[in-house]
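Morning, everyone. I'll take a few minutes on one structure.

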Amino acid sequence: MQTKNPPIKRIKLSFLERLYLPEIFKGMAYTFAQMFKPKFTMSYPEVKWKPKPVFRGRPVLVERADKTGERCVACGLCARVCPPLAISMQANETELPQERHPITFEINMLRCIYCGYCEEVCPEEAIVMSDEYDITYHTRQKAIMDKQQLLVPMEKVQARLDFLREYKNAVRNAAEQAVGEDAKK
Amino acid sequence: MKHEVELIDGVESLAKPKLDTATRFEKRKKIYQALEDRDTTVLVDDDDPLESTMVLNMGPSHPATHGVLRIALKLDGETIVAAVPELGYLHRAMEKLAENKTYHEWMPYSDRLDYMSPYSNNTALCLAVEKLGDFKVPERAQYIRTIACEIARISSHLLSIGSMLMDSGAVTIFLYTFQEREEIYDVFDMLTGARFTVSHCRIGGVASDISQECVDFIKNWLKEFKKKLSDWRKLVDRNRIFIERLEGVGYISKEDAIAIGLTGPNLRASGVAYDIRRAEPYMIYDRFEFNTPVLENGDCYSRYLIRMLEMEESVKIIEQALKQLPKGDVRIDNAKQAYAWKGEIYHSMEALIHDFMMTHEGLQLPKGEIYHAIEAPKGELGFYIQSDGSGFPWRLKIRSPSFCNLQALPQMVEGGMISDVVVVIGSLDPVMGEADK
Ligand code: SF4
Ligand code: SF4
């Protein structure tokens, strides 16, 4: 139950603070100064934000370097690890050197939470997170992306592949690590 | 709150509540029936119009309730006679879901608990699992976690302060703090790859290393942030209107705060110096110099001020951690405890098998029970895990600070004014994703 006078130490304000006028001017001055700061916002659809390689956008399937098909061997690991069960696939044999591939590979983009687990477990570097973040659809059916929609050439995701090699690997594979001043000694 | 004690069979026990459960249930049912689909209900006692009380439904979709919290308020004029917070509108069965997912698979779900500071939740879960398995996590990973957790604390406190000030009428600060949170999102984007749902902590380490670019960005941001923080404090701390609005509102004493189980800034604002980072240092917090701010008053103003002070301490921790950041791996180099390195999976059969086993079967943890709590921005966030030796938790219980802190709400608002409810909720800073789980 609250009382009108709880046992607290009240703050003592000086005369000027009680007068309140200086406070108003202080606030006005601070707000006024903000006007001359550089603009913080971005006019979004006209100006597009360019994500860095670290960004986890839409998961995509990587095409083979010789452009004959996808790298994926349909091992099913990504489908198993996907927390919201967004991935489904059907494996089959193929003429490609990897001998196995998915005949269907679907990611339900309404389910995907962009966690990046699929990329993390894939033993073939076949599924990676791209830099696409602006994904919209008009129907629920269109949100289920099939293999053709998911397949992208390797050059497009090269930056991400390089990032994975450098930052998700053991330290002995990393070129240069960011360390603090104290640790440099 | 003084507990009445009575003797039952010669043993001192807590006195039974005055009303027995059935009567209380009946009374509540009557109120809820009266409230059905209506915002307010006026109850007239004994046909005397002067003895009427009004029952007001605040929420679940009220801008001031910070999510989907519903409070049934019984009013006598403008004074609150009784308040009952109703939870569960955002219940997503997190704990049950965990029983059907491996520890690793469930980790992204923890982002969605306290969505104002996802990194702390990730860390809390990973630390609990690591404690159960007795894993030795590399130092570099601990440093990255610490840095990210403290940034998450700042982010959470900024939102709390911004929205609390907005609730009490100062909209400008809200915009300033949100601009700062945008910068923090940029930091998280650079560190983890996602702005909001970071999912970056892994059992046994973290997902990816921190880049030099990110370190520089954080350093620059901290410089700016310190300046802004002191500017805001000059603006608000001794503002007469703000003080008169908040001082003495929502008072809770030290004893009550302990009895109810408040934790975090809310407890420290009542004069109890309990901070898990100091009381039971986890990770590497014992290596840093920082203070635990404690205020005595226990009112809304102290709860505002303590968050401001805590942000200053967090800045200190981040600065020290960035300075000490050591070289090394960011994950355990043992394929039985954490995922093998990507480079090895591509080239070695053994690593590949471990990758498959880890994904299909999950971690093989010993049988047993474990509880591990961290000092999350809102208070003590603990995970209690019961393991039956398989890759799935047999039972996973979340001790969420928002849920426990909300229990203090009736006591803080009863007897006060209706307009105080809004600032009291703002000062308690509950996040419903975490309270409802
Ligand atoms: S990013 Fe996560 S949720 Fe999306 S498909 Fe990959 S594993 Fe599933
Ligand atoms: S984990 Fe990689 S190789 Fe295996 S099915 Fe998924 S995309 Fe294909």
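Start at B:D134. This residue follows α4(B), and its phi is positive, near 55°. Keep in mind that we are looking at a predicted model.

Now the helix itself. α4(B) covers residues 118–133, which makes 16 residues. How far apart are its end C-alpha atoms? They are 23 Å apart. At 1.5 Å a residue, the helix should span 22 Å, so the two figures agree. Is α4(B) mostly covered or mostly uncovered? Mostly covered: 15 of its 16 residues are buried.

Next, a helix pair in chain B. α12(B) is residues 300–324, and α17(B) is residues 418–428. They pack at an angle of about 30°, with their axes 9 Å apart. Angles under 35 degrees count as roughly parallel, so α12(B) is roughly parallel to α17(B). Their crossing is left-handed.

Who makes that contact? From α12(B), we have B:C300, B:R303 and B:Y304. From α17(B), we have B:V423, B:V424 and B:S427. By class, that contact has four nonpolar residues, one polar and one charged.

Last, the two chains together. Chain A puts 49 residues into the contact, and chain B puts in 54. On the chain A side, the elements giving two or more residues are α1, α2, α3, α4, α6 and α7 of chain A. Which one gives the most? That is α2(A), with five residues. The chain A side divides into 26 nonpolar, nine polar and 14 charged residues.

That's my tour. Over to you.

Definitions and conventions:
Residues numbered from 1 in each chain as written. Chains lettered and ligands numbered in written order. Predicted model: local features only at pLDDT ≥ 70, side-chain atom pairs only at ≥ 80, totals over all residues. Contact = placed C-beta atoms within 7 Å. Helix = DSSP H or I, 4+ residues; strand = E, 2+ residues; numbered from the N terminus. Nonpolar A, V, L, I, M, F, W, Y, C, P; charged D, E, K, R; others polar. Expected span 1.5 Å × (residues − 1). Buried ≥ 20, exposed ≤ 12 C-beta atoms within 10 Å, placed from the backbone. Axes fitted to C-alpha atoms, helices over the stretch in contact; angles between N-to-C directions. Parallel < 35°, antiparallel > 145°, perpendicular 65-115°, else oblique. Left-handed = near helix turned anticlockwise from the far one by under 90°.
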